[in-house]
Amino acid sequence: MIYAADEDFVAMLPAAARAPMAAYLESFAFPLRDQIGVFHALRAAWAADPRVAIQIAPANLHWLSDAALEQAAALSEATGAPMHMHLLETPYQKEYARRRTGGSAMEYIDRLGLLSPRMTIGHGTWMTPDDIALLAERGACLCHNCSSNLRLKSGTLDLNAVLAAGIPCALGIDEAGLNDERDMLQEMRLALTLHRPAGHRSPAPTAADIFRMATAHGAATTPFAGRIGHLAPGREADVVLLDWDAVTGAWQDPARSLPEVLLRRATAASVETVMIAGRIVYHQGRFTAVDRRDIHGLISRTLGTPEPEGDAARRRLADAALPVIEDFYKDW
């Protein structure tokens, strides 16, 4: 809940909230050796499925001990499994790293063996120029979550510095609900528009840069990097077909590049067909394997029932915790 030990946080709460909060936090406890066992079990269970691969996700610096970080690095090196780690998403995380390590979060995880071409850093919003240079030197990837950073008031990534350093930078939407429409065309348009600093001579990403982030560089952050992200012989036939007349109507200047037209004018409504590995999963407004109306109806019925007591109790805990959390950060 805060960047401090759970027991310290519980002690700050009103007396009536301490025992329920301690029990709630304890419910998440899971020994490191068991987490490693789950990784190996999942990896074995899905080994034969070409659509599934298991990555390692050391969640963030403030949630992990040095031992856990070192184990993640060793596990990745031993198995070749990629890693994805949220880091420096907020100014609080930057300050936490300074207090814990005396310096940069990026330099710290590098000393523990985590930075390599197998690592993708999620966010990196508060990286310094030295952090960016180190990320580039180690050959690691970055995933930029543009709308998430704006919605959560996390800050704005210096995307132009990242691209200038030659870092493979993907485009993501973080947790799915943070881009309300779960719409990558919308996310691409936002990233293209946001990272345009003042002045005609200032650097800015091109539409091709952003499109590459959503495709080839997105693929580079996954275990499927050699199979997806490009339309080419030997690659998976992952294809999105758009109604180009709908995108460009009533008229489109032919001098504009295809990526620019795509990012500026295409919407989800323009998508006609989606294929995954050559299999059609969406066509003319309908998913082929599921009925969206049935699923929406199930969600509506499930969530439309009275709130369970467990949810109400957690809401009361949140109300008790919020003033304590706000007070904790007043000098950060």
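Analyst: I121 stands opposite L142 in β3. The strands here are β2, residues 119-123, and β3, residues 141-144. They run parallel, and 3 bridges join them. Two strands count as paired if DSSP finds at least two bridges between them.

This is a predicted model, so local features need pLDDT of at least 70 and side-chain atom pairs count only at pLDDT 80 or more, while totals for chains, interfaces and linings use all residues. Residues are numbered from 1 along each chain as its sequence is written, and side-chain values use heavy atoms, leaving out hydrogens and water.

Now step back to the sheet. It is open, with 4 strands in the order β1-β2-β3-β4 and parallel pairing. Its edges are β1 (83-87) and β4 (169-171), each pairing on one side only. From one strand to the next, the twist averages 30°. Helix α11, residues 207-214, packs on this sheet and touches β3 and β4. The direction of α11 makes about 80° with that of β4. Contact means heavy atoms within 4.5 Å. Axes are lines fitted to C-alpha atoms, for helices over the stretch in contact, with angles from 0 to 180 degrees between N-to-C directions.

Stay with α11. Its residues D209 and R212 meet in a salt bridge, 3.4 Å from N to O. That term means a side-chain nitrogen of Lys or Arg within 4 Å of a carboxyl oxygen of Asp or Glu. D209 and R212 are 3 residues apart, about one turn of the helix. D209 is partly exposed at 22% relative accessibility. So is R212, at 37%. Buried means under 20% relative accessible area, exposed over 50%, and partly exposed in between (1.4 Å probe, protein chains only).

The structure holds 17 salt bridges. Another one joins D66 and R100, 2.8 Å from N to O. D66 lies in helix α4 (66-79) and R100 in helix α5 (91-101), so this pair ties together parts that are 34 residues apart in sequence. D66 is partly exposed at 30%, and R100 is too, at 27%. Elsewhere, R51, R227 and E236 are linked in a network of salt bridges.

Next, the rings. The whole structure has 9 aromatic pairs. Rings of Phe, Tyr and Trp (its six-membered ring) pair if their centres lie within 6.5 Å; planes under 30 degrees apart are stacked, over 60 edge-to-face, and the rest tilted. Y3 and Y329 have centres 6.0 Å apart and planes at 85°, so they are edge-to-face. They sit 326 residues apart: Y3 comes in the segment before α1 (6-12), Y329 in the segment after α16 (309-328). Y3 is buried at 19%, and Y329 is buried at 14%. F328 and W332 form a tilted pair, 5.6 Å centre to centre with 40° between planes. F328 is buried at 18%, whereas W332 is partly exposed at 25%.

These pairs belong to a bigger picture. Ring pairs link Y3, Y92, Y96, F328, Y329 and W332 into a cluster.

Conventions: Helices (H or I, at least four residues) and strands (E, at least two) are DSSP runs, numbered from the N terminus.
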